[in-house]
Amino acid sequence: MAKLFRQHPPLDVVTSTLHELGFTGLADSKLFSAEDLNMDTLETWAPILQPYYLPCKAKKYFNTLDARRTITILRHMLPFHGFRLQTYERNHNGKK
């Protein structure tokens, strides 16, 4: 995997981001979709997390932040703390 971070996000930043998105913490194992994420809190967690990314990668992932990119960001930062986000796509009523 290409280098994404200047410095790995600390555990407290990761857990606060997860809480803002609607999860209970790192051990939350519920199934969710992109529509289930609390994107109203974007202004709260994105500016805190963005400085940990390399500038070129931050521009790519934080420029137009939507639910799909948020899931990608979660997949980036969780492995450093011993967790993995397992994803799959499926169609439901014509939407991914």
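Modeller: Contact here means heavy atoms within 4.5 Å, and helices (H or I, at least four residues) are DSSP runs numbered from the N terminus. This is a predicted model, in which local features need pLDDT of at least 70, side-chain atom pairs count only at pLDDT 80 or more, and totals for chains, interfaces and linings use all residues. Residues are numbered from 1 along each chain as its sequence is written, and side-chain values use heavy atoms, with hydrogens and water left out.

Colleague: Which residues of helix α3 are buried, and what do they pack against?

Modeller: The general idea is that an α-helix has 3.6 residues a turn, so residues three or four places apart point the same way. In α3 (residues 55-62), the buried residues (under 20% relative accessible area, with a 1.4 Å probe and protein chains only) are Ala58, Tyr61 and Phe62. They lie on the same side of α3 because they cover an arc of only 80° around the axis, the arc being that of the directions from the helix axis to the C-beta atoms. These buried residues pack against α2 (42-49) and α4 (67-77), whereas Cys56 and Lys59, on the other side of α3, are exposed, that is, over 50%.

Colleague: At what angle do α3 and α4 pack?

Modeller: Axes are lines fitted to C-alpha atoms, for helices over the stretch in contact, and angles run from 0 to 180 degrees between N-to-C directions. For α3 and α4 the angle is about 140°, with the axes 10 Å apart, which makes α3 oblique to α4; angles under 35 degrees count as roughly parallel, over 145 as roughly antiparallel, 65 to 115 as roughly perpendicular and the rest as oblique. Lys60, Tyr61 and Phe62 of α3 make the contact with Arg69, Thr72, Ile73 and His76 of α4.

Colleague: How many residues has the largest nonpolar core, and which element gives the most to it?

Modeller: A nonpolar core is a set of buried Ala, Val, Leu, Ile, Met, Phe, Trp, Tyr and Cys residues joined through side-chain atoms within 4.5 Å. The largest one has 25 residues, and those with the most contacts inside it include Trp45, Phe62 and Ile73. Two or more residues come from each of α1 (11-21), α2, α3 and α4, and α4 gives the most, with 5 residues. Leaving aside neighbours within four places in sequence, Ile73 is in contact with Leu49, Tyr53, Tyr61, Phe62 and Leu65.

Colleague: Is Thr87 exposed, partly exposed or buried?

Modeller: Thr87, in the segment after α4, counts as partly exposed because its relative accessibility is 39%, in between the two cut-offs.
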